[in-house]
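Please open the model in a viewer and keep the sequence panel at hand.

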Amino acid sequence: MQMKTTHTRAWTHRPWLPALCLSLFISMQMANANELPPAELEAAVNTINEAQNRAMRASSSAQDVEQLFAQHYAPQFVYVHPAYGGSYSREQLRVNTLRNLRAGRYKDEQGRYQIRRIIPGSGAAAVERLELSSGQLHLSLFEFEGAKLVKLTEFWR
């Protein structure tokens, strides 16, 4: 009997505890609701890959680059490539992409990548892409919040 009294007292001494538990539960449900199902995650990866290819061709325009960043990359987007310089913010990567475009560094007409395999996960997808100019396979991790890419990590040299 004393256990019930102590247990009841715990709730009365912490009236905020039920509200906190409910808030945590709702937050977790909202986070899961924002997560794309596997088929939509795969479609988002394909769409972003196509937009990247459009933005990094010899015939690409600044508008192609701007559309890639505006339509597909979240404001907090980060590009991570540990083997080649670490992390870049969305703005740093956008400026670098435009600089490379103006300097004529994009030589291919067919685009850079062809997707070989997508392994969808919880809010992310591991993506194996073939770099068309070299024939090398590249592994990338695409992380999403909703349909927007928030982080792209490259695992290749």
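Throughout this tour, a residue is called buried under 20% relative accessible area, exposed over 50%, and partly exposed in between, with a 1.4 Å probe and protein chains only. The model is a predicted one, in which local features need pLDDT of at least 70 and side-chain atom pairs count only at pLDDT 80 or more, while totals for chains, interfaces and linings use all residues. Residues are numbered from 1 along each chain as its sequence is written, and side-chain values use heavy atoms, with hydrogens and water left out.

**The whole chain**

Begin with a cartoon view of the chain, which has 5 helices and 6 strands. Helices (H or I, at least four residues) and strands (E, at least two) are DSSP runs, numbered from the N terminus. Read from that terminus, the order of elements is α-α-α-α-β-β-α-β-β-β-β. Of the 157 residues in the chain, 32% are buried.

**The nonpolar core**

Now select Val45, Tyr73, Phe77, Val127, Phe142, Phe144 and Leu149, which touch the most other members of the 26-residue largest nonpolar core. Such a core is a set of buried Ala, Val, Leu, Ile, Met, Phe, Trp, Tyr and Cys residues joined through side-chain atoms within 4.5 Å. Elements giving two or more residues to this core include α3 (38–55), β3 (113–120) and β5 (137–145); α3 gives the most, with 6 residues.

Centre the view on Leu149. A contact means heavy atoms within 4.5 Å; leaving aside residues up to four places away in sequence, Leu149 touches Ile48, His72, Tyr73, Ala74, Phe77, Phe142, Glu143 and Phe144.

Move to Ala43, in helix α3. Is Ala43 buried or partly exposed? Ala43 counts as partly exposed because its relative accessibility is 40%. Draw a distance from Ala43 to Ala147: these residues are 104 apart along the chain, and their C-alpha atoms are separated by 9.6 Å.

Asp64, found in helix α4, also counts as partly exposed, at 22% relative accessibility. Beyond residues up to four places away in sequence, Asp64 touches Arg54 and Ala55.

**The largest pocket**

Select Met56, Tyr79, Leu93, Tyr106 and Arg112, which lie nearest the centre of the largest pocket among its 21 lining residues. On a 1 Å grid over the protein atoms alone, a pocket is an open set of points with protein on both sides within 12 Å along at least five of seven lines, and lining residues have an atom within 4 Å of a point. Colour the lining by type to see 12 nonpolar, 5 polar and 4 charged residues; Ala, Val, Leu, Ile, Met, Phe, Trp, Tyr, Cys and Pro count as nonpolar, Asp, Glu, Lys and Arg as charged, and the others, Gly among them, as polar. Helix α5 provides the largest share of the lining, 4 residues.

End at Glu131, in strand β4 (residues 124–131). Glu131 is buried, with a relative accessible area of 11%. Not counting residues up to four places away in sequence, Glu131 touches Arg112, Tyr113, Gln136 and His138.

Methods: On a 1 Å grid over the protein atoms alone, a cavity is a set of points where a 1.4 Å probe fits but cannot get out, and a pocket is an open set with protein on both sides within 12 Å along at least five of seven lines; lining residues have an atom within 4 Å of a point.
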